[in-house]
Amino acid sequence: MFWTIIGTLIGGIIIGALARLILPGRQAMPWWLTIVVGVVAMIIGRVVAGFFGVATTPGVDWIRWAITIVIGVVLVAIVAAIYPKMRGGSTSTT
């Protein structure tokens with residue numbers, strides 16, 4: 001259980017960072033929110049991969065990682081659009 005939580009946190013950091021790198025433009029959100037979004041993407045990605053029957057495969061679960069990255073990009077795009085409005089700011093990058 002402990003290693004599952006640690007693995008999910010580390011994976012969330014990686015997925016969140018990859019999602020921000022893949023998404024074009026500047027995302028106005030703090031680093032901690034990137035990690036939270038990455039962790040949520042990891043959890044949703046595992047569920048979706050399980051639904052398609054590719055959650056655990058021999059070797060590296062490339063399909064599960066691809067699904068998780070796509071979900072991470074979508075979630076980062078949504079959160080980056082909503083977060084500045086929640087903080088009372090603008091979504092403008094200038």
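Q: Where does Gln27 lie?
A: This is a predicted model, in which local features need pLDDT of at least 70, side-chain atom pairs count only at pLDDT 80 or more, and totals for chains, interfaces and linings use all residues. Residues are numbered from 1 along each chain as its sequence is written, and side-chain values use heavy atoms, with hydrogens and water left out. Helices (H or I, at least four residues) and strands (E, at least two) are DSSP runs, numbered from the N terminus. With helices named in this way, Gln27 is placed in the loop between H1 and H2.

Q: Is Gln27 buried or exposed?
A: Residues are buried under 20% relative accessible area, exposed over 50% and partly exposed in between (1.4 Å probe, protein chains only). Gln27 has a relative accessible area of 7%, so it counts as buried.

Q: Which residue's backbone oxygen does the side chain of Gln27 reach?
A: A polar contact is a pair of N or O atoms within 3.5 Å; within protein, one must be able to donate a hydrogen and the other to accept it, and residues adjacent in sequence count only if both atoms are side-chain atoms. The side chain of Gln27 makes such a contact at 3.2 Å, and the backbone oxygen belongs to Leu23.

Q: How many residues apart in sequence are Gly25 and Thr68?
A: Gly25 is also in the loop between H1 and helix H2 (31-52), and its relative accessible area of 60% makes it exposed. From C-alpha to C-alpha, Gly25 and Thr68 are 21 Å apart in space; in sequence they are separated by 43 residues.

Q: How many salt bridges does a search of the whole structure find?
A: Side chains of opposite charge can pair when their charged atoms come close. The rule for a salt bridge is a side-chain nitrogen of Lys or Arg within 4 Å of a carboxyl oxygen of Asp or Glu. Arg64 and Asp61 meet it, with their closest N and O atoms 3.0 Å apart. Over the whole structure, the number of salt bridges found is one.

Q: Is Asp61 buried or exposed?
A: Asp61 is in the loop between H2 and helix H3 (62-86). Its relative accessibility is 10%, so Asp61 is buried.

Q: Over the ring of which residue does the charged end of Arg64 sit?
A: A charge sits over a ring if NZ of Lys or CZ of Arg is within 6 Å of the ring centre and within 35 degrees of the ring normal. The charged end of Arg64 is 5.6 Å from the centre of a ring, that of Trp65.

Q: How many aromatic pairs are there?
A: Rings of Phe, Tyr and Trp (its six-membered ring) pair if their centres lie within 6.5 Å; planes under 30 degrees apart count as stacked, over 60 as edge-to-face and the rest as tilted. By this rule the count is two.

Q: Why is the pair of Phe2 and Trp3 edge-to-face?
A: Phe2 is exposed at 53% relative accessible area, and Trp3 is exposed at 67%. Their ring centres are 5.1 Å apart, and the pair is edge-to-face because the planes stand at 75°.

Q: How many helices does the protein chain have?
A: Along the sequence the protein chain follows the pattern α-α-α. It has zero strands, and its helices number three.
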